[in-house]
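Subject: Structure handover

Hello,

Please find the structure below. My notes on what was found in it follow.

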Amino acid sequence: MNFEEHVAKAEFAAAGIPVPEGRVVTTPAEAEAAARALGPVAVKAQAPAGKRGKAGAIALAESPAEAAAAARRILGMTLGAHRIKRLLVEKRIAIARELYAAVLNDPASQGPLVLFSTLGGMDIEEAAARDPQSVRRHPVDILAGFAAKDAETMLGGLDLGPAQALLADLLVRLYAFYRARDAELVEINPLALTRSGTLVALDGKLALDDGALARQESLAKQGLAEPLTGLEARGRAAGLRFIELDGDIGILANGAGLTMTTMDAVRHYGGRPANFLEIGGDAYTRAKPALELVLANPNVRSLVVNFCGAFARTDVMAEGVVTAWEELRPKIPVFFSIHGTGEEEAVRLVKGRLGVEPFDSMDDAVEGAVRAAR
Amino acid sequence: MIVRRIHRVLVQGITGRQGTFWTEKMIECGTRVVGGVNPKKAGETHLGLPVFASAVEAAKAVGFDVVVQFVPPLGARAAALDAIDAGARLLVMLTEHIPVQDVMYFLAAARNSGTAVVGPNTAGLVTPGECFVGIMPGFNRNVFRPGRVGVISRSGSLGTLVCLDLTRAGLGQSAFIGVGGDAIVGTTSRDALEIFARDPGTDAVVLVGEIGGAAEETAAEYAATMTKPVVAFIAGRAAPVGKRMGHAGAIVLGARGTYDSKRHALEQAGVEVLDLPSGLAPALTKALARAARANPQSARQSKSG
């Protein structure tokens, strides 16, 4: 789950990481009032997408009138699929140097990774490419944690002067925040070293582990909703993992791997998948609402049902599909491939109640569906 | 490790609906289940097996080698640490959606104690003709037959399809290792390749990967050092960029985790990558024949009986 900058910054501030003084506004008049209180400001679109600067969604304003004009221009802009509704108006900082700091989940080391770079304002990969010496990576032993001495070791030799102790303290706080909030990524880029020698997080990125939403409720409430289509939202509400695609062949399969493979097979035989929808895990008992979802897409011209039962019982899934089919009576052809746990009963159900003979292989079922959609 | 019939298995969460169903299936299949854990039902018996308050308590009363978990996501870390404290040699983590930092925590604890971890979000392990641990149809003779092909898969359902295809083609399996669909897992695809490379009962390996992460690229580096043939299929070629395809780990982010990168890395390592799973069995049959011609002394019967 992702967050807008102002939410990340409020969280940072609470964790003892300094951020610029600022206000969230939704109208030009509010932006003007904020600038009157704060002096010269940055007016920043609140959006999940990066590269706001390049898109013209961040403006500097010297006066309240300029802030109002910038707000008028940026409000209502679209960034990616996101329409800008909120702005963060922030007091400007006198920057001496731009740095980079982050903590993230690292699959390679199977643990947390603390990142620091003396080249702020660019991607960490970009910084590493430009000057490998500028980037420090510190894999953390999660059992031991990340203390000031680890931070000092990590920053050693970077010639940061009196800022080094402050930076070490900030990295320790950032790591503690990452742990406390179940973040999968927390990133400050740029991290400003001010002319007065303090550190301030000029930007803030926070991504929360979706598996931890249940124990991060207060934070999760402030998260950005994923941009979903109508059908995707319906799937989400029903506890189904549904992704709408632009093709015309409906897919219903169990398990993420098998569902992706069914899509691959559709593409391989020259067709275009209309959706990703898997009823793996406990969702195998929800085949009926799942099929209703696939068929609610008016573009679907034929359907592949591909079950390979392990944990998921194919007889239970087939019962759901057959029941939904009998109720909806769709006018499209359906192609089954059914194997694994509960196979005999599932095949009997499909033959008996739908009068359809399942195919012996996934390839044959998919090929049939592709041909039928032409 | 490859689970054997001699390995003693403890089931955490044995009394729940899924725990009960799959423990019965495991026992039917020949798995040596010696007990279960449920703190609220300690001292009772379930399916004729003793139930303990913790794995540590169970270790005092009955010995075990393997712990398998049917525990909800937010309870998984504590249960895993209990199993590690109890001295489990292997911990099989079936649960999906465990918070990632919890996973990193018990994986670190497991490394320190020498406990191997399979998963999380795995369908488990099958050794056809001997036993299985997890939620795979290890009992289904249409799917699994004893043989000499090792199968590694991030996905349980796709792994099942692949084993079914192999069995139909007369290629039995030495073992199935489900590595799990999460981005961070204990036993990686690379580790599983190493297990099969060292297993005298395995002549060739099928690697079933997915888009997302770098598990296949890392596995490719190891595959390049192997003498046994490896063939592969990678799911998700048709998946859109930036969408999580069911599994937490199955997501292409920009240029990272792409199908092309994985396929290229594996092909560079001498691994044949097939467009569809149905191509795996024929490719394997040819690869085994080539290996037998190249090394007639050590060639063994690879067909299942």
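Chain B has a mean pLDDT of 94, and 97% of its residues reach 70 or more. The exception to keep in mind is residues 301-305 of chain B, where the pLDDT is below 50. Beyond near neighbours in sequence, that stretch still has 14 contacts in the model. Please remember that this is a predicted model. For the complex, the predictor gives an ipTM of 0.93 and a pTM of 0.93.

Domains of chain A

The domain assignment divides chain A into domain 1 (21-91), domain 2 (95-220) and domain 3 (230-373). Taken over C-alpha atoms, the centres of domain 1 and domain 3 of chain A are 47 Å apart.

A sheet in chain A

Chain A has an open sheet of 4 strands, in the order 1-6-2-3, with antiparallel pairing. Its edge strands are strand 1 (22-25) and strand 3 (58-61) of chain A, each of which pairs on one side only. From one strand to the next, the twist averages 20°.

Inside this order, strand 2 (residues 41-45) and strand 6 (residues 87-91) of chain A run antiparallel and are joined by 5 bridges. To find this pairing on the screen, look for A:Ala45, which stands opposite A:Leu87 in strand 6 of chain A.

Two helices go with these strands. Helix 3 (residues 64-74) of chain A packs on the sheet and touches strand 2, strand 3 and strand 6 of chain A. The direction of helix 3 makes about 165° with that of strand 3 of chain A. Helix 2 (residues 28-38) of chain A lies across strand 1, strand 2 and strand 6 of chain A. Helix 2 runs at about 170° to strand 1 of chain A.

The contact between the chains

How many residues does the contact take from chain A and from chain B? Chain A gives 52 residues and chain B gives 58 residues. The size of an interface is often given as the accessible area lost when the parts come together. Here chain A and chain B bury about 4,200 Å² between them, and 59% of that is on carbon and sulfur atoms.

There are also charged pairs to look at. The count between chain A and chain B is 4 salt bridges. In one salt bridge between the chains, B:Glu96 pairs with A:Arg241, and the closest N and O atoms are 3.0 Å apart.

Regards

Notes: Residues are numbered from 1 along each chain as its sequence is written. Chains are lettered from A and ligands numbered from 1 in the order in which they are written. This is a predicted model: local features need pLDDT of at least 70, side-chain atom pairs count only at pLDDT 80 or more; totals for chains, interfaces and linings use all residues. Side-chain values use heavy atoms; hydrogens and water are left out. Domain bounds come from an automatic or database domain assignment. pLDDT is the predictor's confidence in each residue, from 0 to 100. Contact means heavy atoms within 4.5 Å. Two strands pair if DSSP finds at least two bridges between them. Axes are lines fitted to C-alpha atoms, for helices over the stretch in contact, and angles run from 0 to 180 degrees between N-to-C directions. Buried area is the accessible area (1.4 Å probe) that two parts lose on being put together, summed over both. A salt bridge is a side-chain nitrogen of Lys or Arg within 4 Å of a carboxyl oxygen of Asp or Glu.
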